[in-house]
Amino acid sequence: LHPDELAAKVFSRIVLSLIIYELLLNPVLIAFDVDHEEVFVGVGWFADLIFLLAIFVKTRTGVKVDGVTTDDRAVIFAQYRRTYELHLDVGSLVPLELVAFCVGGWGLVPWLRLNRWLRFHRITLFFQNQENRLENETGMIRTKKLAVLAAVFINALVCVWFFTACRSDEQDYFN
């Protein structure tokens, strides 16, 4: 699969959207009491399956070696294995939430899904690859990158603030 093919570009955008979805949703599930949390966790498992497929696609997508795109699987996997990406990608797929099912409570699931934040590097890699393409406008791509990173971090900080402010007291602010 060549990295400039339309299918590769569309698939990378789908993966990016699912990563952003998980990074925005997980802090919300931790901070707030959400009804039907199981539905969101189910969508998260679907995102995990797509991300597993993304790892498979990554090992089959051509890479540039000395300025030339190669599709030799051994070279592609060797380059993927040498970087930190493979370790982060595999670490983000470890199903830690199965511990919650053994213990018997849904309350731990959002906490145990925090390893999905290891996928964060994929956001910066996506925008870095976009900046490296000659047909793209670098200023617009950097603006989009800033907007996405700001949204993810502001969402996480607001959820941490709400969780520490409202959950630390003995009072129940919802009733």
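Helices and strands are named here as DSSP runs, numbered from the N terminus, and in this predicted model helix α1 gives the most to the lining of the largest cavity, with five residues. The structure holds two cavities of 30 Å³ or more, while about 1000 Å³ of space lies in the largest pocket.

**Cavities**

- For the second largest cavity the volume is about 30 Å³, and the residues lining it are Val15, Leu18, Ile19, Ala47, Ile50, Phe51 and Arg119, with α1 and α2 as the elements that give two or more residues.
- The lining of the second largest cavity divides into six nonpolar residues, no polar residue and one charged residue.

**Largest pocket**

- Of the 32 residues that line the largest pocket, Pro3, Lys58, Thr61, Gly62 and Asn129 lie nearest its centre, and two or more lining residues come from each of α1 (6-31), α2, β1 (63-65), α3 (73-82) and α7 (121-132).
- The lining of this pocket comprises 13 nonpolar, eleven polar and eight charged residues.

**Packing of α2 and α4**

- Helix α2 (residues 37-58) packs against helix α4 (residues 85-92) at an angle of about 155°, with the axes 10 Å apart, and the two helices are therefore roughly antiparallel to each other.
- The crossing of α2 past α4 is left-handed, and in the contact Phe51, Ile55 and Lys58 of α2 meet Glu85, Asp89, Val90 and Ser92 of α4, giving three nonpolar, one polar and three charged residues.

Methods. Residues numbered from 1 in each chain as written. Predicted model: local features only at pLDDT ≥ 70, side-chain atom pairs only at ≥ 80, totals over all residues. Heavy atoms only, no water. Axes fitted to C-alpha atoms, helices over the stretch in contact; angles between N-to-C directions. Helix = DSSP H or I, 4+ residues; strand = E, 2+ residues; numbered from the N terminus. Parallel < 35°, antiparallel > 145°, perpendicular 65-115°, else oblique. Left-handed = near helix turned anticlockwise from the far one by under 90°. Contact = heavy atoms within 4.5 Å. Nonpolar A, V, L, I, M, F, W, Y, C, P; charged D, E, K, R; others polar. 1 Å grid on protein atoms, 1.4 Å probe; cavity = no way out; pocket = protein on both sides within 12 Å on 5 of 7 lines; lining within 4 Å. Points joined across faces, edges and corners; volume = space filled by probe spheres on them.
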